[in-house]
Amino acid sequence: MKVTEPLIDTGQVDLAGFDRALGDPADPAALLSFARSAELDRGERFPADICRELDRMGLPSLYVPAEFGGALTRYDELVAALRAVARRDLTVAIGHGKTFLGGVCMWLAGRPEQARELGADIIAGAPVSWGLTERGHGSDLLAGETTATPEPGGGFRVHGEKWLINNATRGTLLCLLVRTRPEGGPRGFSLLLADKRRLPADRWRPLPKVPTHGIRGADISGIALDDCPFPADALIGEQGAGLEIALKALQLTRTACTALSLGAADQAVRLAEEFAARRELYGRRLVELPHVRRVLGEAYAALYAAEIVSVLAARSVHTLPEEMAVISAVAKSYVPTRVDELIAACGELLGARAFLTEVHEHGAFQKLERDHRVVGIFDGSTFVNQHVLINHFPVLARGHQKGTADEEAVGRTADLSAPPPPARLDRLSLLARGGCGFTQSLHTASGELRAPASAGEVPARVAELAEELTNSCDRLHRELALIPPASQDVQPEAFALASRYEQCFAGAAALRLWLHNRTPGEDPLWLEAVLTYVLRSVRPPGQPTDGEVFDRLFDARAAGRPASPPTSVVTW
Amino acid sequence: MNIPESAPSDTDLRSWLRARVAHYVQLDVADIDTTTALTTYGLDSVYALILCGDIEDHLELVLEPTVAWDHPTIDALARHLEETLAQGSPSGESR
């Protein structure tokens with residue numbers, strides 16, 4: 001479908017219209033169809049036509065904050081839009097959405113006129129890339145060897161290679177992290193905006209596209225700079241502030257990347273549901289088998305947990321910016337990991353069809369499974385994000401003990417009836433010094449369930465689950481306080497604690513979401529399922545989980561009863 | 001902001017910082033030299049951010065989390081903190 005008027009524009013973000021315009025991927029005539037995606041993937045070709053169409057719909061303006069001329073005023077809208085694209089084709093979402101990542105440092109630290117200029121380029125459809133990593137140095141940003149030497153007359157001379165960079169070749173502009181002090185160190189790096197239209201053509205060259213297991217069509221490549229002159233105004237923020245700005249930018253990009261996982265989960269669930277509904281085995285349809293119902297019910301619960309973490313993390317940019325170091329690390333570690341598990345579970349249901357490249361929607365499942373693998377790796381791997389969380393253990397433990405949470409801000413994050421206040425990017429901090437409000441306020445949240453539970457308005461078992469989560473979270477924080485500092489070798493036990501922390505966060509977020517959006521008489525089935533799902537991973541051994549709630553969740557969805565959290569936006 | 005009467009003296013502050021750093025890098029206090037870059041002891045840049053929370057609690061100040069990046073030895077950090085205490089916290093607020 002051709003669109004003439006942009007659906008996303010300054011002052012107007014029509015997400016429902018955008019989603020409709022993207023069409024049903026099962027329809028080969030849709031803009032993003034399984035058929036077309038499979039063909040591009042087989043040929044390892046970049047989905048350039050599709051990206052151009054997304055440009056026409058106005059998606060790039062959602063990568064630019066309104067103050068710099070774009071349409072971005074709500075990070076939850078950005079998550080919803082990227083999810084809508086990812087639900088059809090992850091390669092397209094990663095190839096197009098990269099421009100948001102490329103721009104973020106400028107939004108955080110650029111001069112206003114510099115930021116408006118980049119905003120105008122993005123809205124006009126120029127892809128922007130973000131070059132952090134180098135050959136031999138992935139996540140270790142301080143090891144970067146690309147050097148920018150300040151020139152006597154102003155400007156810089158840049159030498160080195162950035163490699164494994166999404167859109168390095170397609171990008172008209174690249175935001176580069178470069179070493180500006182020979183000795184390096186946390187103040188030894190700066191950010192430069194490389195505008196290929198202005199750099200001398202003989203001083204830089206693209207590095208070849210790297211073949212990849214998933215997102216085969218994506219432009220994963222690099223750039224080599226050979227003493228390339230950069231003008232003084234290419235600098236983003238202060239000289240020496242590069243690492244600080246990049247680490248804050250990652251808090252936003254990691255949050256946004258969780259949308260890619262949600263889209264992948266939506267597609268995996270849909271493919272598994274349709275298969276189970278149609279497929280007959282030994283004279284029965286697959287969905288009639290108890291095991292199949294259980295697996296799908298669990299997949300819904302996993303998707304809801306991931307979705308709640310992702311959406312509330314995006315809203316936290318507006319309401320809890322000081323906590324984003326923790327919240328973004330939790331989101332980027334938790335969401336892709338849960339979705340990898342969900343995809344594996346759906347894959348088992350699909351059996352051979354998860355493995356074949358041409359049948360069942362043109363082999364969409366095996367493509368999505370391959371494509372999604374990269375989400376847990378890029379923009380800070382799960383390991384890196386858990387490391388951020390582990391670094392925060394002392395402040396998390398202290399904050400939990402003191403109970404310094406801003407309960408009102410936590411409530412504003414979870415209350416979807418009100419638009420979030422404007423984002424305060426200037427309040428992002430590398431240290432969430434007060435810990436995390438969601439987990440700290442679990443006591444209040446589970447307390448609020450007690451009265452309706454004793455009045456019979458809420459099933460007693462839901463209040464019991466909330467109580468169990470609260471106790472488990474307290475126990476976890478006592479363990480966090482005892483673990484030795486993680487400045488050097490992090491013990492494997494610390495990663496296990498980080499995973500438990502993430503589950504507690506997910507449960508706390510779900511509980512808050514229900515409390516602040518509930519309608520009288522509503523069956524809190526989704527909450528019960530999410531709490532059960534979360535608790536299963538944090539229970540001490542020997543306490544088995546009764547998965548019967550997942551069967552009820554499946555039945556409710558199959559019967560068309562409302563059973564989704566209010567964060568759900570899937571419309572196909 | 002008023003400096004509390006119990007504001008730690010120069011030596012107190014240095015030895016407290018030494019003890020915190022020793023704790024984080026799991027070394028003996030005697031092995032921590034106040035003129036050596038903290039990174040030498042394996043306190044990497046990102047982990048050094050955590051020191052900020054400790055110092056804020058101890059001195060009741062609000063600091064930039066990157067304080068140990070800009071003042072990378074215990075001596076430099078102590079000097080900076082003493083100046084900050086003398087002037088009131090950098091943003092003029094206290095907690």
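## Salt bridges

Over all chains of this predicted model the count comes to 51 salt bridges, a salt bridge being a side-chain nitrogen of Lys or Arg within 4 Å of a carboxyl oxygen of Asp or Glu. One of them joins A:Asp19 to A:Arg88, with the closest N and O atoms 3.0 Å apart. Since A:Asp19 lies in helix α1 (residues 15-22) of chain A and A:Arg88 in helix α4 (residues 75-88) of chain A, the pair ties together parts that are 69 residues apart in sequence; helices (H or I, at least four residues) and strands (E, at least two) are DSSP runs, numbered from the N terminus. A:Asp19 is buried at 7% relative accessibility, and A:Arg88 is buried at 3%, where buried means under 20% relative accessible area, exposed over 50%, and partly exposed in between (1.4 Å probe, protein chains only). Both residues belong to a network of salt bridges that links A:Asp19, A:Arg83, A:Arg87, A:Arg88, A:Asp266 and A:Glu307.

A:Arg461 and A:Glu528 form another salt bridge, in which the closest N and O atoms are 2.7 Å apart. A:Arg461 lies in helix α16 (residues 460-482) of chain A and A:Glu528 in helix α18 (residues 525-538) of chain A, so that parts 67 residues apart in sequence are tied together. Here A:Arg461 is partly exposed, with a relative accessible area of 40%, whereas A:Glu528 is buried at 4%. In chain B, the side chains of B:Arg14 and B:Glu82 meet in a salt bridge of 3.6 Å, N to O. This pair ties together parts that are 68 residues apart in sequence, because B:Arg14 lies in helix α1 of chain B and B:Glu82 in helix α4 (residues 74-87) of chain B. B:Arg14 is buried, with a relative accessible area of 17%, while B:Glu82 counts as partly exposed at 27%.

## Basis of the values

Residues are numbered from 1 along each chain as its sequence is written, and chains are lettered from A and ligands numbered from 1 in the order in which they are written. As this is a predicted model, local features need pLDDT of at least 70 and side-chain atom pairs count only at pLDDT 80 or more, while totals for chains, interfaces and linings use all residues; side-chain values use heavy atoms, with hydrogens and water left out.

## The interface of chains A and B

The contact (heavy atoms within 4.5 Å) takes 26 residues from chain B and 21 residues from chain A. The two chains bury about 1900 Å² between them, 56% of it on carbon and sulfur atoms; buried area is the accessible area (1.4 Å probe) that two parts lose on being put together, summed over both. B:Tyr47, B:Ile50 and B:Trp69 supply 31% of the area that chain B buries against chain A, more than any other three residues.

Five salt bridges are found across this interface, and B:Asp57 forms a salt bridge with A:Lys402 in which the closest N and O atoms are 3.4 Å apart. The elements giving two or more residues to the side of chain B that touches chain A are α1 (10-25), α2 (49-59) and α3 (67-70) of chain B, and α2(B) gives the most, with seven residues. Nine of the 11 residues of α2(B) are buried, so this helix is largely enclosed by the rest of the structure. On the side of chain A, A:Asn391 lies in helix α11 (residues 382-391) and is buried at 9% relative accessible area; leaving aside neighbours within four places in sequence, A:Asn391 is in contact with A:Ala486, B:Val46, B:Tyr47 and B:Ile50.

## Strand β7 of chain A

Strand β7 (residues 189-195) of chain A is mostly covered, with seven of its seven residues buried. One side carries A:Phe189, A:Leu191, A:Leu193 and A:Asp195, and the other A:Ser190, A:Leu192 and A:Ala194. In a regular strand the side chains alternate between the two faces of the sheet.

Two strands pair if DSSP finds at least two bridges between them. Strand β6 (residues 173-179) of chain A runs antiparallel to β7(A) and is joined to it by seven bridges, and A:Leu176 stands opposite A:Leu192. β7(A) also pairs in the antiparallel sense with strand β10 (residues 235-236) of chain A, over two bridges, where A:Leu192 stands opposite A:Leu235.

## Cysteines

The structure holds zero disulfides over all chains, a disulfide being a pair of cysteine sulfur atoms within 2.5 Å. The sulfur of A:Cys473 is 4.2 Å from the closest cysteine sulfur, in A:Cys504, which is too far for a bond.
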